[in-house]
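Welcome, and please bring up your viewer. We will take a short walk, one selection at a time.

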Amino acid sequence: MREISLHIMDIIENSITANATFIEVKIKENILDNLLIMKIKDNGKGIDSETLKNIKDPFVTSRTTRKVGLGLSLFEATCLRCNGYLDIKSELGVGTEVTAVMEYNNIDRPPLGKMEETIISALLNPGVDLVYEHYYNEKSFLLDTREVKKILGTEEINTPDILIWIKDYIKENLKEISGGAF
Amino acid sequence: MKTLKELEEIRQKTLDRVNQRKDRTTTRIVVGMATCGIAAGARPVLLAVMEEVEKLGLTDVTVAQTGCIGLCKMEPIVEVFKPGEEKVTYVKMDADKARRIVAEHIRDGKVVDEYTMHVVQGKILNDYKAEKE
């Protein structure tokens with residue numbers, strides 16, 4: 001993947017496939033500690049402990065179209081390449097939490113990329129609420145779709161006009177907290 | 001800078017549309033978004049579809065995403081479901097092709113043949129020229 005945000009999108013897709021209705025995405029760009037930390041947590045159906053043991057094996061997948069599942073394996077490969085790690089915790093009926101850590105200034109680290117596009121792609125799915133928190137050192141930005149739905153007075157925010165507005169909203173705020181680094 | 005308060009401005013528009021949509025049949029545009037699709041560039045395609053739908057002011061259109069369609073080497077894949085018509089599958093999409101589909105197929109009702117999937121002698125191709133020859 002060319003951007004880390006594409007890996008994150010892939011993990012969010014997993015959550016949606018697992019029937020999650022609430023997803024938390026947390027990004028921490030901790031430049032002072034030279035760390036990039038990403039957490040994706042959902043309330044989906046969870047993964048049984050047997051599957052969880054081998055989950056990062058590319059030949060373990062729940063998909064039915066073929067026997068290869070590369071999402072987590074690719075994300076882990078990127079983390080390892082950047083002196084980091086990928087950790088996945090899950091409990092059946094409760095949900096799953098994926099944590100990915102990388103060295104911030106590692107030369108092999110792909111750019112974070114267009115997080116705003118990843119978030120609105122996820123929001124296309126009706127019935128998913130999402131909290132997106134992004135830290136850049138001590139500054140932070142938070143988007144909670146429950147708040148958006150409340151303001152709009154509708155549960156239906158998966159339409160192009162609203163999503164494009166949210167995209168620009170995220171983009172502007174990320175630019176603001178990072179001092180223009182995005 | 002944008003604040004959430006601005007959302008109030010598009011609120012009425014949204015409510016009108018929601019009411020309108022209830023008694024209409026909508027066209028669905030579905031983009032494949034599994035690992036294969038994402039790696040092949042499905043996200044810019046999805047964004048282009050959304051932006052073009054918004055730009056052309058098409059209201060009776062739903063943009064959605066799905067998992068692996070099962071044809072990873074042809075990704076990014078876009079499927080168009082128009083009410084009462086057969087499903088059309090577009091393969092190896094990019095943002096420009098996606099915008100053309102929204103304008104020509106969704107708005108004008110003309111299928112963009114050269115981007116659709118073709119089967120030649122049992123082999124799936126999307127080479128429009130080869131099929132014509």
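A contact, for this tour, means heavy atoms within 4.5 Å. Before you click, note that this is a predicted model, where local features need pLDDT of at least 70, side-chain atom pairs count only at pLDDT 80 or more, and totals for chains, interfaces and linings use all residues. Residues are numbered from 1 along each chain as its sequence is written, chains are lettered from A and ligands numbered from 1 in the order in which they are written, and side-chain values use heavy atoms, with hydrogens and water left out.

**Stop 1: a core residue**

Select I8(A) and show what surrounds it. Leaving out residues up to four places away in sequence, I8(A) touches V25(A), I27(A), M38(A), I40(A), F75(A), L112(A), M115(A) and T118(A).

Now widen the view to the largest nonpolar core, which has 81 residues. A nonpolar core is a set of buried Ala, Val, Leu, Ile, Met, Phe, Trp, Tyr and Cys residues joined through side-chain atoms within 4.5 Å. Buried means under 20% relative accessible area, exposed over 50%, and partly exposed in between (1.4 Å probe, protein chains only). Which members touch the most others? They are I8(A), F75(A), Y132(A) and I166(A). Colour α6(A) next: this helix gives the core its largest share, nine residues. Helices (H or I, at least four residues) and strands (E, at least two) are DSSP runs, numbered from the N terminus. In soluble globular proteins, nonpolar side chains tend to be buried together.

**Stop 2: where the chains meet**

Show both chains. The contact takes 41 residues from chain A and 34 residues from chain B. Together the two chains bury about 3500 Å², 64% of it on carbon and sulfur atoms; buried area is the accessible area (1.4 Å probe) that two parts lose on being put together, summed over both.

How many salt bridges are there between chain A and chain B? The count is three. A salt bridge is a side-chain nitrogen of Lys or Arg within 4 Å of a carboxyl oxygen of Asp or Glu.

On the side of chain A that touches chain B, the elements giving two or more residues are α1 (4-17), α3 (71-81), α4 (115-123), α5 (145-152) and α6 (160-178) of chain A. The largest share of that side, 12 residues, comes from α6(A). Colour the side by residue type and you will find 17 nonpolar, 10 polar and 14 charged residues. Here Ala, Val, Leu, Ile, Met, Phe, Trp, Tyr, Cys and Pro count as nonpolar, Asp, Glu, Lys and Arg as charged, and the others, Gly among them, as polar.

**Stop 3: a linked trio**

Select E3(A), E117(A) and R43(B), which are linked in a network of salt bridges. The closest N and O atoms are 2.6 Å apart for E3(A) and R43(B), and 3.3 Å apart for E117(A) and R43(B). E117(A) lies in helix α4 of chain A and R43(B) in helix α3 of chain B, so this pair joins two chains. Are E3(A) and R43(B) buried or exposed? Both are buried, and E117(A) is buried as well.

**Stop 4: chain B**

Chain B has five helices and six strands, in the order α-β-α-α-β-β-β-α-β-β-α from the N terminus. Of its 133 residues, 44% are buried.

Finish on E79(B) and K87(B), whose side chains meet in a salt bridge (3.1 Å, N to O). E79(B) counts as buried at 8% relative accessibility, whereas K87(B), at 41%, counts as partly exposed.
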